[in-house]
Structure formats: structure tokens, C-alpha cells
Amino acid sequence: MDEALNEQIVLALFAALGHGDREGIRCLLNEDAVWSVMAQGIRNAGDHCGRDAIVDDFLSNAFERFVEGGPRIIPDLTLSLGHLVVMEAHSDSPLRNGNHYRNRFAWFFTLHNQRIQTVHEYCDTRYALEAFGAVTPTQ
């Protein structure tokens, strides 16, 4: 298992996300990939199953909120072990509602046959709700 290649595949996913490149994302995911937003009680929480559902439903809905294609995710730390890539990252993206999305993330990826098989996404969901205008910011 080429850990450096796995990291490059994950970095390519973030580049494609930032440009809203649906086909670029699609080619990086296995057909039966699962993207899990590890949260409860928010829009898009839970499992998104299948490459096409991830790209055409889950991510397309997310892209609509951003001014320039999709979220700009900046990796801060990347660790790899075999088929697992772990990344800490932050976002820096203008939103269509006039807010700016600056969240922090932890991501866990598993890869199979040089494509992404699973994604576990963790972020500050309270902040996300505030930035997207779903709740009033806390004082």
C-alpha cells in the first residue's frame, strides 16, 4: 500500500471540492463509497452511500451554499498508515448568505484500489449551523 499515493488522492479530493469539480470528485471515489458526517440533528448528518449519491445529492447541496464552487479546505496535518489517511484541516470559504465559513475538521479516509472507500467527517456543527444561518450565533 503506497501511503504517499493515498495522501495525494485525498489531497486531490480537497482540490476538487474547492473547485466544485463534481466529476473530479466522482473519479476519486469507489462506486460503493460511503461518506459519513459524524453528527446528529443537522442537515446532511449521517451516511451518504454510493459515489453518485455522494456527488449528485450530498455534495451538490453543499456546493449551493458557497460563492466559489465549493468549500476551500486547507490541510493542517496529514497522517497515513496503510489504507488509512487521517487529516486535520480548516476551511476558509465565502458563503452565498454573506458569511464566511471558517470551520475546523478531522477527517478519516480509507482507500481501496487507489480510490476513496469511506470518509468520516467531524467538524464543529454548532459553528456550521451559525455560519449557514440556521441558528443565531451565540454571544
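Which backbone oxygen lies 2.9 Å from a polar atom of the side chain of Asn97? It is the backbone oxygen of Ala131. The structure is a predicted model, in which local features need pLDDT of at least 70 and side-chain atom pairs count only at pLDDT 80 or more, while totals for chains, interfaces and linings use all residues. Residues are numbered from 1 along each chain as its sequence is written, and side-chain values use heavy atoms, with hydrogens and water left out.

Asn97 is placed in the loop between β5 (93–94) and β6 (100–101); helices (H or I, at least four residues) and strands (E, at least two) are DSSP runs numbered from the N terminus. With a relative accessible area of 41%, Asn97 is partly exposed, a class that falls between buried (under 20%) and exposed (over 50%), for a 1.4 Å probe and protein chains only. Leaving aside neighbours within four places in sequence, Asn97 is in contact (heavy atoms within 4.5 Å) with Ala131, Phe132 and Gly133. Phe66 is 31 residues from Asn97 in sequence, and the C-alpha to C-alpha separation is 8.5 Å.

The largest nonpolar core comprises 32 residues, and Ile25, Trp35, Trp107 and Phe109 have the most contacts inside it. Such a core is a set of buried Ala, Val, Leu, Ile, Met, Phe, Trp, Tyr and Cys residues joined through side-chain atoms within 4.5 Å. Two or more residues of this core come from each of α1 (3–18), β1 (29–37), α3 (51–63), β4 (84–91), β7 (104–112), β8 (115–123) and α4 (125–131). The greatest share is that of α1, with 6 residues.

Phe108 is located in strand β7 and, at 34% relative accessibility, counts as partly exposed.

Gln117, in strand β8, is buried, with a relative accessible area of 18%. Its side chain makes a polar contact with the side chain of Asn30 at 2.8 Å; a polar contact is a pair of N or O atoms within 3.5 Å, where within protein one must be able to donate a hydrogen and the other to accept it, and residues adjacent in sequence count only if both atoms are side-chain atoms. Beyond the neighbours within four places in sequence, Gln117 is in contact with Asn30, Asp32, Ala33, Val34, Thr110, Leu111 and His112.
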